[in-house]
Amino acid sequence: MRLSFLLPLLAVATLAAPLAAREPATPEQRLGRLEHQVRQVQRQVFPKGQPADTAGLVDDPAATKDSVDTLTTRLDAVERQMSDLVRTSEENSHRLSVMETDLARLRAEQDSRFKSIESGATAAANPTALGDGATPAAIVSPAATTPATAVVPDVETGGEIAYTKGFDLWNAKKYDAAITQLRTMAAAFPGHRRVSWANNLVGRAQLDKGQPRAAAEALLANYRGNPKGERAADSLFYLGQSLVKLGQPSQACKAYSELQAVYGSTLRAPLKAMLPAALAQSKCG
């Protein structure tokens, strides 16, 4: 009997849910609808007659004002919840639209910056394309004379963007494209702190693609050309790795020995962690 009493209430709650998604009803319409629903519930719960006629004569409990009020309160709550859900859905839809717009704008700005860097780097790598008296520095210098609408990033930002693009290519195992990009970056932004990084990564890319001799030459040049560069120590370590690939473990031991002598306690943590295994591999005494 208790289960049969719950079913009409569930039916009423189900009917009330989609109504909240429509246009708001007037107080008179809402009251009339609730009264109609309550009468439907009463007919299903008390099929033998009105509550007053059946009270005390059957097992069904008599409907009271409190029970009707409770039902009305529950219907009110269902309508409020549906209204809140609709409002939340609309707010989320708006937020998603704003996020998509912002993402599209950021992508467009990033593409514009990369294209500007690529055009400047290409011209810097091909001086004949610059015209008489022009220099690569004129392309990337913030003080260069350019049209007012041109987008020319400063040297620091431009170097970061160019290096990051090369790193991403290397990380994606597109070694040839990475080597080209990193060499272009080093030529276009001389003196930038990332040049040491770029030259080191060129050597690592060559080592990764199975060219240990070319890698050894690039890594040695980076170390000797700028021993105080941020990735000079890395180049010395990977020079040892390249020499091992070339079948010259004794020369690799010399590279590792110089690495420890020159940089010692200033070695980056990853190099410190890899060095013992490298020494063991080359059987360095």
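**Around helix α11**

Start at G264, the residue that follows α11, where phi is positive, near 45°. Helices are DSSP runs (H or I, at least four residues), numbered from the N terminus. The model is predicted: local features need pLDDT of at least 70, side-chain atom pairs count only at pLDDT 80 or more, and totals for chains, interfaces and linings use all residues. Residues are numbered from 1 along each chain as its sequence is written, and side-chain values use heavy atoms, with hydrogens and water left out.

Next, select residues 249-263. This is α11, with 15 residues and 21 Å from first C-alpha to last, close to the 21 Å expected at 1.5 Å a residue; the expected span is 1.5 Å times one less than the number of residues.

Now colour A252, C253, A255, Y256, L259 and Y263, the buried residues of α11. Buried means under 20% relative accessible area, exposed over 50%, and partly exposed in between (1.4 Å probe, protein chains only). Looking down the axis of α11, these buried residues fall within an arc of 160°, so they line one face of the helix; the arc is taken from the directions from the helix axis to the C-beta atoms. On the other side of α11, K254 and A261 are exposed.

Show α9 (212-225), α10 (232-245) and α12 (269-282): the buried residues of α11 pack against them, contact meaning heavy atoms within 4.5 Å.

Finally, select C253 and C284. Their sulfur atoms lie 2.0 Å apart and form a disulfide (a pair of cysteine sulfur atoms within 2.5 Å). C253 sits in helix α11 and C284 in the segment after α12, 31 residues apart. The link of C253 and C284 is left-handed, with -95° about the S-S bond.

Key:
Helices (H or I, at least four residues) and strands (E, at least two) are DSSP runs, numbered from the N terminus.
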